[in-house]
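Here is a quick briefing for anyone opening this structure for the first time. Keep the view beside you and follow along by topic.

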Amino acid sequence: MPPDVPDRLAGRLAAPPVDRPAEWHIASILVHLRPERSADVRASIAALGDVDVHVEERGRMVVTVEGPHEGRIADRMTAIHLMDGVLSAVMVFHHAEAVAPRNS
């Protein structure tokens, strides 16, 4: 660090550490949709990332979402709910697991 940088700023100028989330969240969402829009909805869901369709049958899908916080789950659920052809998207399960700290 250059000598003219105060000690209190030195830590801020260093490269930030790679953060690991404190928790990992997984949720399942039941999606009701117009059956004729199934292919479009499936493609839109796949484009979101962090989301998988597990079962699809007669206008219903079971979708799982994973992410580092509840906000990611809520964002994905809202995005699904607002898709053309989707009638509703309802969370039916949510679990958060503590992530073990990395030993560097």
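A contact here means heavy atoms within 4.5 Å. By that rule, and leaving out residues up to four places away in sequence, Asp52 touches Val62, Val63 and Thr64. What you are looking at is a predicted model, in which local features need pLDDT of at least 70 and side-chain atom pairs count only at pLDDT 80 or more, while totals for chains, interfaces and linings use all residues. Residues are numbered from 1 along each chain as its sequence is written, and side-chain values use heavy atoms, with hydrogens and water left out.

**Strands β2 and β3**

- Helices (H or I, at least four residues) and strands (E, at least two) are DSSP runs, numbered from the N terminus.
- Two strands count as paired if DSSP finds at least two bridges between them; β2 and β3 run antiparallel, with six bridges joining them.
- Their hairpin has two residues between the strands, and Arg58 takes a positive phi near 40° there.
- Across the pairing, Val51 stands opposite Val65 in β3.

- Buried means under 20% relative accessible area, exposed means over 50%, and partly exposed is in between (1.4 Å probe, protein chains only).
- Val51 sits in strand β2, which covers residues 51-57, and it counts as buried because its relative accessibility is 9%.
- Leaving out residues up to four places away in sequence, Val51 touches Ile45, Val63, Thr64, Val65, Arg76 and Ile80.
- Val51 and Met77 are 26 residues apart in sequence, and their C-alpha atoms are 9.7 Å apart in space.
- Asp52 is in strand β2 too, but it counts as partly exposed because its relative accessibility is 42%.
- From Asp52 to Val65 it is 13 residues along the chain and 6.7 Å between C-alpha atoms.

**The nonpolar core**

- A nonpolar core is a set of buried Ala, Val, Leu, Ile, Met, Phe, Trp, Tyr and Cys residues joined through side-chain atoms within 4.5 Å.
- The largest one has 15 residues, and Val31, Ile45, Met61, Val63 and Ile80 have the most contacts inside it.
- At least two residues of this core come from each of β1 (23-33), α2, β3 (60-67), α3 and β4.
- β1 gives the largest share, four residues.
- Val31 touches Gly59, Arg60, Met61, Val63, Ile80, Val86, Ser88 and Ala89, again not counting residues up to four places away in sequence.

**Salt bridges**

- A salt bridge is a side-chain nitrogen of Lys or Arg within 4 Å of a carboxyl oxygen of Asp or Glu.
- Searching the whole structure turns up six of them.
- One of these pairs Asp50 with Arg72, and their closest N and O atoms are 2.8 Å apart.
- That pair links distant parts of the chain, 22 residues apart: Asp50 is in the loop between α2 (38-48) and β2, and Arg72 is in helix α3 (residues 70-81).
- Both partners count as partly exposed, because relative accessibility is 35% for Asp50 and 24% for Arg72.
- Asp50 and Arg72 also join Arg76 in a network of salt bridges.
- Glu57 has a salt bridge to Arg58, at 2.7 Å from N to O, and another to Arg60, where the closest N and O atoms are 3.4 Å apart.
- Glu57 is partly exposed because its relative accessibility is 39%, and Arg60 is partly exposed at 35%.
- Arg58, by contrast, is exposed because its relative accessible area is 69%.

**Ser38 in helix α2**

- Ser38 belongs to helix α2 and counts as buried because its relative accessibility is 13%.
- It touches Leu33, Glu56 and Met61, not counting residues up to four places away in sequence.

- Patches are made of residues with over 30% relative accessible area and no salt bridge; like charges are joined within 9 Å and nonpolar side chains (Val, Leu, Ile, Met, Phe, Trp, Tyr) within 5 Å.
- Accessible areas come from the Shrake-Rupley method with a 1.4 Å probe, and for residues only the protein chains shown count as cover.
- Val90, Val92 and Phe93 make a nonpolar surface patch of about 280 Å².
- Phe93 lies in strand β4, residues 86-98, and it counts as partly exposed because its relative accessibility is 46%.
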